[in-house]
Amino acid sequence: MANNKDIKKIIVSISRIINTPINKINKNSKAEDFKKWDSLAHIKIILEIERITKKRIPSSKVADLNSIKAISNYFLK
Amino acid sequence: MLFHNPLFLLFFLPLVFVFYFVVLKKKKLSQKYLLIAASFIFYAAWNIKFSFLIITTILVNYIFGVKIISSTNERKKNIFLTVAIFFNVLFLAFFKYSDFIIENINYLFDLNLNLLNLPFPLALSFVTFQTIAFLVDCYDKNISYINLRKYALFISFFPQLIAGPIVRYGHMIEQFEDNKNSLINYKNIYIGLIIIAIGLMKKVLIADNISVFVDQGFSAQEELSFFEGWLTSLGFTFQIYFDFSGYVDMATGIALLFNINLPANFNSPFKATGMINFWQRWHITLSNFLTNYIYYPLSRSFADLTFSKSMFVTMVVFLVAGLWHGPSWMFVIFGALHGLGLIVNHSFNKFFLLNLNKLFCRFLTFNYVSFTLIFFRAQDLESAFSIIKAMTNITNFNYVINFDIPTISLIAFAFAFVICFMFQNTHYIITQLRK
């Protein structure tokens, strides 16, 4: 199970993948806020999350993890 | 029986509504059985024989669902899911694609196998995708318990049975099981009726009137003029959008009468500023299905997902999407052109840091989509190319319009243009009315 440290790592990875400064990403950020967070970036984010948390995300959940809040809730619940 | 049929609007729907909220008031279970019965009558009114096919797919997939949920052994669970998906794809392939496959075998191997000439059961394409999503949800433990009544209602719910939107089990059952949704809700009725009216107008006043000259263009025996080519192509672009989104609006409104919210399926797609953006706005629930259940699993099957591999996956997904629309190579070409459009869009985003003017992007996207739709509608390549030739024939400029176009069709065309580019969409209207 992921912890707050992992969530911070995930945000850093998202910032790198969507090529956006980390200070522009906060806990309320959503995929639709960033032009570069498209389906291609999303799958890269999911693979990175799986690498960080060492947990496989089921296919049916992949699309739902489209915001920092959704990612945090999924792993911190 | 379709939604714009007077028999449905003036008899079937009011009757189901009255039974649901007045006769069966506070009898939650009976209300659900009524919706299932009404859904089967709705489907059987089109073709009674095919309702048995829908019943078969419901029964078989219910059993698969139970098996997947109850299996504690991961390997067994995996086998059940694989067999279930295989069954559903084969079921669809048999009824929808068998003649297409036979024709291609005959062509490739110079054979003369007889065609089966099976009539295609309405709704099966949507039911298949919805069922696959359900089975994966069972496998992923998003669904922990099912019963036949809930599952039958989920698949057969008549507002979204024929043409979607493709819905998820959890999203629907949560609403069906909510006690307050079994009571009459006047605000939902008010919003639902407005949305049904909007959908009906989109379908009957706009799409059907535009189809008058679109049909002439696509069936023209003689060479089309420049303006006829453009009128045919643009006309079909608006026709298909108003036809499909109008039908989905009616589905949304009808579901709302029963306090069920269906997900948005269109979000002003012609305002899209690129092909990626277009598929975030057009047939959204299909796009979500393709992304979740084909694009992501395929992408994850690569140990090292590079840009070129993900573009390859994108193309595969859109070839499947194209073929899903119907048993014809023209649909495959349509899918391939959309795959290509997405690859160009992704490549542009990755390799060029230009910020193009939004209006220009919108213009480019709309015209590219319009171009791809020529292949969607045309009977064959020859017919598609004759329209493209007319649209691009500026050297031998022929401005004559020989179509027999009623004034109402031209008005509908003008309205379609204004509505698409200058007005808010139904999804927005629903959100505003809810406030």
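Two residues are in contact here if their C-beta atoms, placed from the backbone, lie within 7 Å. That goes for every view below, and the model is a predicted one.

**View 1. Helix α12 of chain B meets helix α13 of chain B.** On the α12(B) side, the contact is made by L290(B), I294(B), Y295(B), L298(B) and S299(B). Facing them from α13(B) are S310(B), V313(B), V316(B), V317(B), V320(B) and A321(B). Sort these by class and you get 9 nonpolar residues, 2 polar ones and no charged ones.

**View 2. Chain B touches chain A.** Here 17 residues of chain B are in contact with 13 residues of chain A. On the chain B side, at least two residues each come from α5, α12 (284-300) and α14 (329-351). Which helix gives the most to this side of chain B? That's α12(B), with 8 residues.

**View 3. Domain 1 of chain B touches domain 2 of chain B.** The domain assignment puts 6-184 of chain B in domain 1 and 207-434 in domain 2. Their centres, taken over C-alpha atoms, are 27 Å apart. Between them, 21 residues of domain 1 of chain B are in contact with 19 residues of domain 2 of chain B. On the domain 1 side, α1 (6-23), α4 (74-109), α5 (124-139) and α7 (158-161) of chain B each give two or more residues. The top contributor to that side is α5(B), with 5 residues. By class, the domain 1 side comes out as 14 nonpolar, 5 polar and 2 charged residues.

**View 4. Chain B as a whole, for context.** Count the elements of chain B and you find 18 helices and 0 strands. The radius of gyration of chain B is 23 Å, close to the 22 Å that the globule rule gives for 435 residues, so chain B is as compact as a globular protein of that length. Along the principal axes, the C-alpha atoms of chain B fill a box of roughly 70 × 55 × 50 Å. Buried residues make up 41% of the 435 in chain B. Among contacts in chain B with a separation of 6 or more, 74% are between residues 24 or more positions apart.

Technical notes
Residues numbered from 1 in each chain as written. Chains lettered and ligands numbered in written order. Predicted model: local features only at pLDDT ≥ 70, side-chain atom pairs only at ≥ 80, totals over all residues. Domains from an automatic or database assignment. Helix = DSSP H or I, 4+ residues; strand = E, 2+ residues; numbered from the N terminus. Nonpolar A, V, L, I, M, F, W, Y, C, P; charged D, E, K, R; others polar. Rg over C-alpha atoms; globule rule 2.2 N^0.38 Å. Buried ≥ 20, exposed ≤ 12 C-beta atoms within 10 Å, placed from the backbone.
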